[in-house]
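Here is a short report on a predicted model.

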Amino acid sequence: MADVKREIERKYETAAGTPLPDLTGVAGTAAAVPRGVTELDAVYYDTHDLRLAAGAVTLRRRTGGADAGWHVKFPVSPGVRDEIGAPLSETLPDPLAGLIRSRVRDRPVVPVVRLLSSRDVHHLNDDRGRLLAELSVDTVLAERLTGDGRGATATWTEIEVELADGGDPAFLDAVDERLAAAGVHPSSSASKLARALAATAPGQPPAENAAQGAPATEAREEGAGDTAGAQVLAYVRQQIETIITLDPAVRRELPGAVHRMRVATRRLRSAFTTYRKVLDRTVTDPVRAELKWLAAELGTGRDHEVLEARLFHHVDGVEPTLLLGPVRGRLERWGAAERAASHERILAALDGERHLALLGALDALLADPPLLPAAGRDAAGPLTSAVLKDHHRLAVRIRHALDLPPGHDRDLAMHEARKAAKRARYAAEAARPALGKPAKRLARRVKAVQSLLGDHQDGVVARDALRALAVHAHGAGESAFTWGLLYGREEAEAALLEARLPRVWGRASRARLRSAHGS
């Protein structure tokens with residue numbers, strides 16, 4: 001993968017020729033050291049319908065300065081972006097092309113804006129000469145390269161203050177106060193590209209929904225925010241955007257990315273099933289099947305990640321005298337091999353045509369929502385009915401699991417109850433904007449049931465893995481004692497969870513009654 005940099009900066013508007021305020025004394029700043037003027041030439045790329053801009057993602061090819069090359073930037077939080085760079089080349093490098101694939105799909109990226117910047121750089125240093133932040137005064141000339149505004153230009157001057165690597169963001173707050181006192185105000189645009197697009201195409205900003213390829217959907221939903229259809233579609237749109245946004249994070253192996261993307265696919269599948277009286281299942285069922293496939297592909301990595309962490313936690317808790325044989329070494333080798341294989345499989349899925357087809361199907365669903373007559377009703381009625389139906393389904397599965405004796409059949413039944421708990425929780429969360437606190441309470445209580453059942457299922461999977469590790473250890477002439485010890489501890493923990501289930505479920509059951517009365 002290319003170079004990655006976390007960029008924490010603030011942007012300010014200023015008039016050309018405005019003197020730079022004195023920043024010495026601000027949060028330890030001893031001097032603002034001039035570093036000279038650099039000429040930068042950057043061409044920004046996007047699809048013709050500006051899908052990257054709609055997602056606040058920027059892709060550029062820049063010459064000049066110390067970091068000439070290709071760069072793609074992803075928003076992290078206000079004022080914070082991750083910049084991934086690759087060496088200068090004539091064509092977009094494959095690693096960066098993969099990172100923007102979920103947004104651009106199979107559409108070509110073309111030059112949309114050229115920015116010529118004259119950058120006057122100053123280093124804000126402390127009394128030991130250490131860099132606190134880099135301040136630059138940029139004089140910018142923007143030219144639109146495509147679209148209705150092709151050939152249009154705009155100029156402006158702005159100040160950027162970028163925090164040094166490892167710096168305290170509070171430093172930027174102090175600089176902000178000093179600049180405000182001098183009459184320098186934050187920029188109204190989040191990036192140069194956003195400002196250039198707005199300035200060279202007045203009245204035609206990129207559609208907020210272009211990332212999903214369904215700008216018409218917004219118009220269809222205007223004024224219908226209290227209907228069941230509007231509520232469900234808002235939730236569906238949120239999950240789709242999460243899937244698109246997390247695609248590059250999964251590719252970069254960012255912590256938690258696989259888990260969050262998988263959860264979004266599950267939430268979406270659950271919404272299609274729970275609210276099938278709102279959305280026509282003849283349309284959503286094929287999409288739901290493909291989401292199930294994607295969740296399974298992502299699961300190869302996430303399930304192993306959870307299992308590995310669980311087993312290492314157990315090993316760390318074993319008394320040294322009971323660690324017989326190369327237990328940790330065997331676990332580390334097993335973990336490394338599984339991680340590499342899992343990531344390769346996930347990348348193959350995300351790069352495949354099947355994933356592109358799924359994203360296209362989600363586009364189509366948002367562009368022309370398959371709304372049924374119930375979608376036009378007030379949201380409270382259809383959503384309450386759907387939530388309580390899922391809750392009843394969970395109750396049936398819980399009772400079935402508790403009626404079985406401990407063993408394999410109960411394990412399977414508790415796993416099925418876990419799936420029902422997820423669906424009931426997601427249903428309540430989706431309905432929360434319409435149903436308010438009762439739905440929030442129900443979701444919280446059912447989440448506790450889901451967590452308990454999830455811990456139980458993780459234990460079932462862990463026991464299978466421990467048995468396999470014990471077999472391999474025995475075959476290699478190693479002691480299998482520790483693996484057997486951990487297996488026994490997992491069995492004991494499962495028994496405790498099964499004993500707690502009636503009490504945890506009782507709280508969720510009572511929440512259901514209050515939800516019904518409060519709706």
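## Helices α12 and α14

Start with helix α12, residues 380–403, and helix α14, residues 437–475. Their axes come within 13 Å and cross at roughly 30°. Angles under 35 degrees count as roughly parallel, so α12 and α14 are roughly parallel to each other. The crossing of α12 past α14 is left-handed.

Which residues of α12 and α14 make the contact? From α12 come Val387, His391, Leu394 and Ile398. From α14 come Leu442, Val446, Val449 and Leu453. By class, the residues of this contact are 7 nonpolar and 1 polar, with no charged ones.

## Helices α7 and α10

The second pair is α7 and α10. Their axes come within 10 Å and cross at roughly 140°. That angle makes α7 oblique to α10. This crossing, too, has a stated hand: α7 and α10 cross in a left-handed way.

On the α7 side, Asp247, Val250 and Arg251 make the contact. On the α10 side, the residues are His343, Ile346, Leu347, Leu350 and Asp351. The contact of α7 with α10 holds 4 nonpolar, 1 polar and 3 charged residues.

## The largest pocket

The largest pocket has a volume of about 1,400 Å³. Its lining is made of 49 residues. Nearest its centre lie Arg262, Arg266, Arg418, Lys422 and Tyr426.

Several helices give two or more residues to this lining: α7 (228–251), α8 (257–274), α9 (281–316), α10 (327–351), α13 (408–435) and α14. Which element gives the most? It is α13, with 11 residues. By class, the lining of the largest pocket has 14 nonpolar, 15 polar and 20 charged residues.

## The second largest pocket

The second largest pocket has a volume of about 760 Å³. It is lined by 33 residues. Those nearest its centre are Arg62, Asp67, Arg119, Glu134 and Glu162.

At least two residues each come from β1 (3–14), β2 (31–46), β3 (58–63), β5 (80–86), β6 (110–125), β7 (131–144), β8 (153–163) and α5 (192–200). The largest share, 5 residues, is supplied by β2. The lining of the second largest pocket divides into 10 nonpolar, 6 polar and 17 charged residues.

Conventions
Residues are numbered from 1 along each chain as its sequence is written. This is a predicted model: local features need pLDDT of at least 70, side-chain atom pairs count only at pLDDT 80 or more; totals for chains, interfaces and linings use all residues. Side-chain values use heavy atoms; hydrogens and water are left out. Axes are lines fitted to C-alpha atoms, for helices over the stretch in contact, and angles run from 0 to 180 degrees between N-to-C directions. Helices (H or I, at least four residues) and strands (E, at least two) are DSSP runs, numbered from the N terminus. Angles under 35 degrees count as roughly parallel, over 145 as roughly antiparallel, 65 to 115 as roughly perpendicular and the rest as oblique. A crossing is left-handed if the near helix is turned anticlockwise from the far one by less than a right angle, and right-handed if clockwise. Contact means heavy atoms within 4.5 Å. Ala, Val, Leu, Ile, Met, Phe, Trp, Tyr, Cys and Pro count as nonpolar, Asp, Glu, Lys and Arg as charged, and the others, Gly among them, as polar. On a 1 Å grid over the protein atoms alone, a cavity is a set of points where a 1.4 Å probe fits but cannot get out, and a pocket is an open set with protein on both sides within 12 Å along at least five of seven lines; lining residues have an atom within 4 Å of a point. Grid points are joined across faces, edges and corners, and a volume is the space filled by probe spheres set on the points.
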